[in-house]
Amino acid sequence: MYLRQDLSYAVGMAARNPGFTAAAIVTLALGIGAATVTFSVADAIVFRPLPYADAHRLVKIWGSTAVDPVDNMSLADFHDISARSAIFEQVAGDDGTGFRIEDGQASHFADGAIVTEQWLSTLGVRPVLGRGFLRDEFQPGRDDVVILTDAYWRRRFGADGNIVGRSLRVDGRPLTIVGVLPPNVLRYGADFLKPLVPSSYPPGRDQRDLDVFARLRPGVTLAAAQAELDVLGRQIEAASPSANVNHRFRVIALDKYYASIDPSAGRGLVLMLGAVGLVLLIAGVNVANLLLARNATRTRECVIRAALGASRTRLARQLLIENLLLFLAGGGLGCFIAWWALDFVV
């Protein structure tokens, strides 16, 4: 009963002081919203581990020349790297491209990725629905299958749990949906995967369009992998000098590539997170000062209520409920601001 009375009184006090109430709620909401958005971005890019099995063993392999220090790989390079089985447990590659999707009477363009046979197993990823690609589906005429990404499955098919087995018309060709990936597997916004048929892919050493990553064998270090790739680069240059003069390979941990961010930018995000933490602290201090200033003007009210029999516990509980209402309202509005702003910031 007393709690209901205190709550009703707190709501009445907030309504009788709209300027103070609005200032306190907006100050808290802006501080909480900014901190939540910044932490969400920093967590996803800097702190959160990759959603892959044994992610510390995953590496990204780049080509490197004097003209282009960061480029992709040719299919021939990919096969040569795959043969380094003493260093790499598995090697995989993908190549993103656009496709035209026909859906009934309408059509739209979607981003797809053609992937090599060990793409899923290298990452240690299993589809949440259906299955992965079979070995014979990387042969000519057998590659009429796709695996949807989680985002595309939700966006275009409303997260239909019966999507496996349905047909999807891609570039005028009917393909069967055989699976759906877990969230956040691809580093770029591809909508689905298709098998890469080696005989249909450009074979030249100068056709460098594959993104290649690998899983190191247990105990193998980045330095050992780099040394092995340095040897491979010199061998390829000696065998095919016309397209591979000074062409070398560079290996880094996949997490840096996955995040698409360099270390200095990562440090910048951490500094930004600290800055918005200070903003949130300042917002809390400002609201606390407002509350102290308001409570100083209510001394006479508290004296009268105490004279009428209100205990110190009752008075403290009343003030606590009033403050709690303000912070709940500010927190709720701050969460809404963060939810609204997060997609825009990303």
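**A guided tour of the chain**

A compact globule of 346 residues would have a radius of gyration near 20 Å, whereas this chain has 29 Å. The model on display is predicted.

**The whole chain**

Begin with the entire chain selected. Along its principal axes, the C-alpha trace spans about 95 × 50 × 35 Å. Colour by secondary structure, and 11 helices and 10 strands may be found. Of the 346 residues, 40% count as buried.

Next, display the surface. Its accessible area comes to about 18400 Å², and 61% of this belongs to carbon and sulfur atoms. Then select the charged side chains: 35 are positive and 33 are negative, and the centres of these two sets lie 12 Å apart.

**Gly-330**

Now select Gly-330, which is placed in helix H11, residues 312-345. Is Gly-330 buried or exposed? Its relative accessible area is 0%, so Gly-330 is buried, given that buried means under 20%. Which residues does Gly-330 touch, leaving aside those up to four places away in sequence? They are Ile-25, Leu-28, Ala-29 and Ile-32.

**The aromatic rings**

Turn now to the aromatic side chains. A search of the whole structure finds 6 aromatic pairs. One of them is formed by Phe-99 and Phe-192, with 5.3 Å from centre to centre and 50° between the planes, and this pair is tilted. Phe-99 lies in strand E2 (residues 88-103) and Phe-192 in strand E8 (residues 192-195), so the pair ties together parts that are 93 residues apart in sequence. Both Phe-99 and Phe-192 are buried.

Select Phe-133 and Phe-138 for another pair. Their ring centres are 5.9 Å apart and their planes stand at 90°, so this pair is edge-to-face. Phe-133 has a relative accessible area of 14% and is buried; Phe-138, at 4% relative accessibility, also counts as buried.

Methods:
Residues are numbered from 1 along each chain as its sequence is written. This is a predicted model: local features need pLDDT of at least 70, side-chain atom pairs count only at pLDDT 80 or more; totals for chains, interfaces and linings use all residues. Side-chain values use heavy atoms; hydrogens and water are left out. Helices (H or I, at least four residues) and strands (E, at least two) are DSSP runs, numbered from the N terminus. The radius of gyration is taken over C-alpha atoms; the globule rule is 2.2 Å times the number of residues to the power 0.38. Buried means under 20% relative accessible area, exposed over 50%, partly exposed in between (1.4 Å probe, protein chains only). Accessible areas come from the Shrake-Rupley method with a 1.4 Å probe; for residues, only the protein chains shown count as cover. Lys and Arg count as positive and Asp and Glu as negative; His and the chain ends are not counted. The place of a charge is taken as NZ of Lys, CZ of Arg, CG of Asp or CD of Glu. Contact means heavy atoms within 4.5 Å. Rings of Phe, Tyr and Trp (its six-membered ring) pair if their centres lie within 6.5 Å; planes under 30 degrees apart count as stacked, over 60 as edge-to-face and the rest as tilted.
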